[in-house]
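Please examine the sequence and the structure shown below.

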Amino acid sequence: MSKRVEDQEFIQWVATELVESPHRTDVLSAATQILDEGEGASLFEALRKQVGLHAEEYELVRRIMLLLESMMDVQPRLAGYLMARLYPLAGRKYAHDVYNAIELWMKASDSVALADALMSLCAEPVRPMLRKSYQEWAEGIKKRATTACQSTGCKE
């Protein structure tokens with residue numbers, strides 16, 4: 001079996017486990033590792049396929065969002081990155097509530113790790129307007145993180 005096939009099987013396993021147990025530490029660690037290895041797009045597609053086994057169109061987008069929202073407080077970098085990947089799909093499926101909710105999550109976050117993940121997403125092949133949104137979100141997140149650190153006296 002080739003390394004690529006093994007990687008894809010691992011990514012599919014992680015997506016399946018995320019749907020089943022989105023707060024399991026080992027699953028979140030594996031998903032984060034996939035993200036760190038530059039395979040976030042593959043993870044999102046596997047997640048979409050896994051959720052899509054039982055849902056289509058708007059329902060698919062809504063179910064993915066519910067899963068990601070449940071992960072956001074536990075692993076904001078991973079959940080936020082996957083939300084950013086969901087964002088254009090929500091727009092195409094006219095899931096305005098999900099689309100708007102993603103914007104709200106990004107505008108409320110102060111996770112520098114999420115800002116870094118969004119900036120790495122900007123380096124991937126995405127539409128210019130989408131890249132602009134990701135950059136604006138990342139800049140806003142970093143600004144909120146800096147402000148939060150200044151008010152609490154923490155070190156960045």
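## A residue in helix α5

Ala79 is located in helix α5. The model discussed here is predicted. Is Ala79 buried or exposed? Its relative accessibility is 0%, under the 20% limit, and Ala79 therefore counts as buried.

Which residues does Ala79 touch, once its neighbours within four places in sequence are left aside? Ala79 is in contact with Leu68, Met71 and Met72. The C-alpha atom of Ala79 also lies 9.7 Å from that of Leu28, a residue 51 positions away along the chain.

## The pairing of α4 and α5

Two packed helices are described by the angle between their axes and the distance between the axes. Helix α4 spans residues 57-72 and helix α5 spans residues 76-92. Their axes come within 9 Å and cross at roughly 160 degrees. Angles over 145 degrees count as roughly antiparallel, and α4 and α5 are therefore roughly antiparallel to each other. The crossing of these two helices is left-handed.

From α4, the contact is made by Val61, Ile64, Met65, Leu68, Glu69, Met71 and Met72. From α5, the residues involved are Pro76, Leu78, Ala79, Gly80, Leu82, Met83, Leu86, Leu89 and Ala90. Sorted by class, the residues of this contact comprise 14 nonpolar, one polar and one charged.

## A loop residue with positive phi

Tyr94 belongs to the loop between α5 and α6, the latter covering residues 96-108. Most residues other than glycine have a negative phi. Tyr94 is not a glycine, yet its phi is positive, at about 60 degrees.

Is Tyr94 buried or exposed? Its relative accessibility is 63%, and residues over 50% are classed as exposed, so Tyr94 counts as exposed.

## The chain as a whole

How many helices and strands are there in the protein chain? The chain has eight helices and zero strands. Along the sequence, the pattern reads α-α-α-α-α-α-α-α.

Of the 156 residues in the protein chain, 44% are buried; Ala79, at 0% relative accessibility, counts as buried. The accessible surface of the chain comes to about 8,500 Å², and carbon and sulfur atoms contribute 53% of that area. Among contacts between residues at least 6 apart in sequence, 62% join residues at least 24 apart.

Conventions
Residues are numbered from 1 along each chain as its sequence is written. This is a predicted model: local features need pLDDT of at least 70, side-chain atom pairs count only at pLDDT 80 or more; totals for chains, interfaces and linings use all residues. Side-chain values use heavy atoms; hydrogens and water are left out. Axes are lines fitted to C-alpha atoms, for helices over the stretch in contact, and angles run from 0 to 180 degrees between N-to-C directions. Helices (H or I, at least four residues) and strands (E, at least two) are DSSP runs, numbered from the N terminus. Angles under 35 degrees count as roughly parallel, over 145 as roughly antiparallel, 65 to 115 as roughly perpendicular and the rest as oblique. A crossing is left-handed if the near helix is turned anticlockwise from the far one by less than a right angle, and right-handed if clockwise. Contact means heavy atoms within 4.5 Å. Ala, Val, Leu, Ile, Met, Phe, Trp, Tyr, Cys and Pro count as nonpolar, Asp, Glu, Lys and Arg as charged, and the others, Gly among them, as polar. Buried means under 20% relative accessible area, exposed over 50%, partly exposed in between (1.4 Å probe, protein chains only). Accessible areas come from the Shrake-Rupley method with a 1.4 Å probe; for residues, only the protein chains shown count as cover.
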